[in-house]
Amino acid sequence: MLIMKRFYTAMSLVAVLLYMASLSLATTSSSNFTDLSALLAFKSEIKTDPNNVLGSNWTQPGSFCNWVGVSCSRRRQRVTALNLTGMGLQGTISPYVGKLSFLVMLDLSNNSFHGHLIPEIGHLRRLRVLILYLNLLEGVIPASFIPDEIGNLHNSEGIVLEANNLNGTIPSSIFNISSLRVLALGTNSLSGTLPSTFGLQLPNLRKLYLSLNQISGSIPSYLSNCSMLTLLELSYNQFIGPVPTCLGYLENLQILNLRENQLENQPGSLELSFLIDLTRCRALEILVISKNPFSSLLPDSVRNFSSSLQRFSADSCNIKGPIPKRIGDLRNLNKLTLSDNREMALQKNNLSGPIPSCIGNLFNLQIMFMSSNQLSSSIPSSLWSLENLLFLNLSSNSLEGNLHANMRALKMLQSIDLSGNRISGKIPTVLGDFQSLSVLNLSKNSFSGAIPEQLGDLITLDYLDLSHNNLSREIPKYLVALSHLHYLNLSFNKLSGEIPRQAKFLMKFILPLFAFTSILIVVILIMMRCQKNNVKTHNTILDVVPTVEHRLISYQELRHATNDFSEANILGVGSFGSVFKGILSKGTLVAVKVLNLQLEGAFKSFDAECKVLARVRHRNLVKVISSCSNPELRALVLQYMPNGSLEKWLYSFNYYLKYGLEGRVSTKGDIYSYGIMLLEMLTRKKPIDDIFVGEMSLR
């Protein structure tokens, strides 16, 4: 009896355990069914799936945890992450996303989701990362979101809603999510002001993106409480008042961008006092304060910025006074922009002084823009020791004297603009050794003597303006040999001789002779010779002049130019990203190469490509017009090739290319690569084709 009793007791326990297990399985099954239903509801709202990712993969038998973009917890098999970034999806975000109660990360960025931001996202109490940038979401962040919904996202570490069409004010409860590390609301149409207590409840905030909105009011002083902040991006808004000096307490700050607001200096201070405080930010790498009406002096203490500072931009700020003498202490600075500032005070509008000789200590400097100031004296010889310099613009100042006899050839320098100064003497022959030079503008100075023959060695030159000087003697015949030259202006000099007849570019000459009748005859002859090509050359000058500038192109302009990076504009896809066709605001056709930052090595590839393209120039390489770089995007804006790629010509048509179709190879080129390309042209086979094996291997 005792044995039987124990048996029944054991069986009862087993039954209880089985019953409890069945309840658990039923609960798990029910939970999994909830997630499955939510995912299928999400899929039903997708109207366009260009790569058929969801159409082909989200229907396969088995667990939804194996679907593309879906990640699950190991034990419960609940959906914890949904990552569908960059898949070209179009549609609305289903409110059933709010049923994915275990969701920790939601990333739908770089798609074309439209409609309003759904309040159901606020139900996701476990959500830590929300990334919806680069979509077409619109409307306000609804009041019903706050505080009952989004305010409940107390565990969130990242909210990224950049590059949508959101408007209205920013719900204040967002600023109370203490776990928040990244808040990115830039490139929308958000308005209103930031609360004065902003920063008190954000001790973990690392990155704040609010640029390209319509936010007004003052910058909150309590931002200094965000001691972990490394990036503060407030550019292109309507902030007013002084920059809080307490930002100097952000010891981890690496990037500060205040460009294009209505910020002012501290009342009663002659110097930009907030710069003095920012010198305490020893990690600061990029400082941009351009296009704000500061109307103050640069303090000498800018020399105290850490050696980590790489870029300082303060153009169009109405900055007064001389350039600080110790600015050369910023040894790692690679971009210095102080253009469009003026010396506004002092008697008789006296000039603000020379460029300090210590400028030569900025040996990492790549870009120096100081145009439209009132700088005086001569250009220091130390400037010509900046071996990494790429762009130099000192135009529209009052610089004088000669270009220094100790001027050294800067082999990486691509553009020199010294126009609109008072520089005299002869044009240095050493300019012929500037191997990468494509733009040389010495117009509106007092240069004299002959045009040096050494300029004929500038084989990469495509823009040359020597007008409005005192140059004399004959016009050099070697100018015809500069095959890249598209713009040449030698007008208003004392040059003589025959105009080169074989030039294929627009030449603008006014040759002053002794008699008015002789001038008239020459002008008539020039007009007769150019009449046949008048329309063509006129268009050439209009097309070429804008391209010689180092254009600054915003992300917003690129987005508009490519129709929001539409798939219809894709020219090609490579290992690290895609290339889109675009039309800039001035009507210029460009190719925009956008890197896929999700791929390992993308950042390294972008940096390497920028360095190579900055140093290499060749007639067979496309030109780099500009670049666009922010923490979410890396893009190169390239010259558009209307005839398509070589691959298109090799593999997309039903005829063979002739050998050497107008092709030439440089003696400095890579012979092996040229041989491979030639083999492709003859065989119409890629180097990885199966035919190239065994004895036919290319290795």
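What follows is a friendly dialogue on how to read some features of this predicted model.

Me: Before we start, what should I keep in mind about the numbering and the confidence limits?
Reply: Residues are numbered from 1 along each chain as its sequence is written, and side-chain values use heavy atoms, with hydrogens and water left out. This is a predicted model, where local features need pLDDT of at least 70 and side-chain atom pairs count only at pLDDT 80 or more, while totals for chains, interfaces and linings use all residues.

Me: How many helices and strands are there in the protein?
Reply: Helices (H or I, at least four residues) and strands (E, at least two) are DSSP runs, numbered from the N terminus. Here the protein has nine helices and 38 strands.

Me: What share of the residues is buried?
Reply: Buried means under 20% relative accessible area, exposed over 50%, and partly exposed in between, with a 1.4 Å probe and protein chains only. Of the 699 residues in the protein, 45% are buried. For the surface, accessible areas come from the Shrake-Rupley method with a 1.4 Å probe, and for residues only the protein chains shown count as cover. The protein's accessible surface comes to about 35600 Å², with 53% of it belonging to carbon and sulfur atoms.

Me: Which residues have the most contacts inside the largest nonpolar core?
Reply: A nonpolar core is a set of buried Ala, Val, Leu, Ile, Met, Phe, Trp, Tyr and Cys residues joined through side-chain atoms within 4.5 Å. The largest one has 131 residues, and those with the most contacts inside it are Leu 275, Leu 287, Ile 289, Phe 312, Met 368, Leu 394 and Phe 434. Helix 1 (2-44), helix 2 (53-57), strand 3 (79-83) and helix 3 (273-278) each supply at least two residues of this core. A second, separate core has 23 residues, including Ala 184, Leu 231, Tyr 555 and Ile 625.

Me: What does Phe 434 touch?
Reply: Contact means heavy atoms within 4.5 Å. Leaving out residues up to four places away in sequence, Phe 434 touches Trp 384, Met 407, Arg 408, Ala 409, Leu 410, Leu 413, Ile 416 and Leu 458. For the protein, among contacts with a separation of 6 or more, 56% come from residues 24 or more positions apart.

Me: In what order do the strands of the open sheet run?
Reply: Two strands pair if DSSP finds at least two bridges between them. In this open sheet, six strands follow the order 1-4-6-8-10-12, with mixed pairing. Its edge strands are strand 1 (46-48) and strand 12 (189-191), each pairing on one side only. From one strand to the next, the twist averages 20°; for such angles, axes are lines fitted to C-alpha atoms, for helices over the stretch in contact, and the angles run from 0 to 180 degrees between N-to-C directions.

Me: Which residues stand opposite each other around strand 8?
Reply: Strand 6 (residues 112-116) and strand 8 (residues 136-140) pair in the parallel sense over three bridges. His 114 stands opposite Leu 136, and Gly 115 stands opposite Leu 137. Strand 8 also pairs with strand 10 (residues 165-169), in the parallel sense and over three bridges; there, Val 140 stands opposite Asn 167.

Me: Where is Ser 467, and what does its side chain contact?
Reply: Ser 467 lies in the loop between strand 29 (463-465) and strand 30 (470-474). Its side chain makes a polar contact with the side chain of Asp 465 (2.7 Å). Ser 467 is buried, because its relative accessible area is 4%.

Terms used. Polar contact = N/O pair within 3.5 Å; in protein donor to acceptor, adjacent residues only side chain to side chain.
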